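Let's take a friendly walk through a protein model and follow its sulfur links. Keep the picture open beside you as you read.

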Amino acid sequence: MIAVLFGLLTGQTVAQGPAVIRIRTTEDLASCLERVLSELRPATSFVVEVGDPTVTQGADLVVGPGPRLTRVLESGRADDRWTARLGFHGRQLSAGSVVAAVVGGSARYEEARGLVMVLDGAVARTAFARCAGASASARDSFGVAETAPAFVAGSARYATAVVDWWMPACSLQRNAYTDRNEILGAPDALNQAPRGEPTKYRGMISLGQGGHVIVDMGQVISNSSGNDIRVYQFTGEEPVSLYAATSPSGPYTLVGFRRYCGNRIPGSPGNWGFCDFDLAEGGMGSARYLRVEDGELYPCLRGDTDSEGADIDAVELLNP
Amino acid sequence: MTMLRSTRARLFAAVLVSAGCGGANDGGLDPTTNPPVNTTPGGTVSGKYLLRIEPARECAPPAPVLTFRMDARPDNGGPRPGIQVTLEFNPYMEMELVYTTPNVQGNIGTDYNLVASQELSSVPVWFHAIVTGSVTSENGGPGEILQGTMAGDVAFRDRDARCFSTNHRWSLRVR
């Protein structure tokens, strides 16, 4: 039985059995979302409601602009482990992607998770892009299969030491994840919270409003063709700024400013994200010290999670 | 794209380098009969202020100057002395600054709520930028930042219509 229930614009909902999945999204995304899911999951009962996707109450799945959903994901109201990025929709191109996420406390969690898995596939992304005029594989390496370079024995591929750091007092008091050493080594961040409960992270530092960590990469990074540095940004898709220097005391040269940092490695958990930087963007031939800085610049006093700002898991050399 | 990014990065780097030079007012004597003004570097930034932002001309701002009523207070619980400057009544806009007397360096950010200037109450604005400046005080009074640099994104009316420039300017004066 096909039961696609669609309450676009009117917010009208029609109950049909207990397994109807309620999807809340913005007006500009609703029709394409309904069309894509109807094509790919014709046997699934769902209803698309136009509304504020940051309000999760009564919804099983929320779909909206990534930056708007940051605090929904990082609070645990939606589960950041089960998200799909549907591409860059219209003007969202410069600001972030369209994100679908399972509501943490949903009674139809498993069914909603099934829809997210469908939406996270290349077929759905392409169909959504065709419908919405979005870019399924936009800037950087979004949507493109990434292969990590092979580890070179004896070569430190990840940040080896923290040289300096700063975070506003406000962020230091409010954030729970302030251990700067979590940025060292390979990516290992996790959300350990049980389903439907507030997030409980490990393995990352939340930089707060404009905070930064300066790391020593343990070797000189030479500018090679393509990107040279990858920053792993966990949960959400907060932007990151990167500066580089040859000496720990600087001067630090800007390499990338407020770069979108929610690119996905296909098959990785939904809360893993990354952004890449090319030293040539800053006109640099080499560097060793990197200043990784929050680019979200969200007012500290307005934050309502304990992981405000970009959440940095690791920094990797792509061309060791 | 790479060339644009590279140019942007170089412009930004130039701002950062120049920002370290400070630039305190030299505070000459007042030629009138008023008491001489003694301007000194540094001072305590605390209390009621007016934030004046001059967006770069290339960003086509709706007005050449946008002014906001702010509250400022020292915030020394971090790894370095700092100053927190927030929009009066609702902290929809906030500056977080490191204060290494007399220089400040930090950022300004807005959230998703509508922030409007005193000049144009119907035009929402968004700022996400890096700022620098120098604090001075007159005759031992409160600290002020008479002119600072601001590099980053501004948007007017439409949050996603961001304009990046290194040529924004700002000041923070007692009101």
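Before we start, here is a word you will need: a residue is called buried when its relative accessible area is under 20%, exposed when that area is over 50%, and partly exposed in between (1.4 Å probe, protein chains only). What you see is a predicted model, in which local features need pLDDT of at least 70 and side-chain atom pairs count only at pLDDT 80 or more, while totals for chains, interfaces and linings use all residues. Residues are numbered from 1 along each chain as its sequence is written, chains are lettered from A and ligands numbered from 1 in the order in which they are written, and side-chain values use heavy atoms, with hydrogens and water left out.

Now to the links themselves. A disulfide is a pair of cysteine sulfur atoms within 2.5 Å. How many disulfides does the structure hold over all chains? There are four. If you number the bonded cysteines of chain A in sequence order, they pair as 1-2, 3-6 and 4-5.

Find A:Cys170 and A:Cys300 in chain A. Their disulfide has an S to S distance of 2.0 Å, and the link is left-handed, with -95 degrees about the S-S bond. A:Cys170 sits in helix H5 (residues 169-174), whereas A:Cys300 is in the loop between strand E16 (286-294) and strand E17 (311-317), so the pair ties together parts that are 130 residues apart in sequence. Helices (H or I, at least four residues) and strands (E, at least two) are DSSP runs, numbered from the N terminus. A:Cys170 is buried at a relative accessible area of 4%, and A:Cys300 is buried as well, at 6%.

Next, look for A:Cys261 and A:Cys275, whose sulfur atoms are 2.1 Å apart in a disulfide. Here A:Cys261 belongs to the loop between strand E14 (253-259) and strand E15 (272-277) of chain A, and A:Cys275 lies in strand E15, 14 residues apart. The torsion about their S-S bond is about -75 degrees, so this disulfide is left-handed. Are these cysteines buried or exposed? A:Cys261 counts as buried at 0% relative accessibility, and A:Cys275 is buried with a relative accessible area of 0%.

Finally, move over to chain B. A disulfide of 2.0 Å, S to S, joins B:Cys59 to B:Cys163. This pair links distant parts of the chain, 104 residues apart: B:Cys59 is in the loop between strand E2 (47-54) and strand E3 (66-74), and B:Cys163 is in strand E9 (residues 163-174). The link is left-handed, with -75 degrees about the S-S bond, and both B:Cys59 and B:Cys163 are buried.
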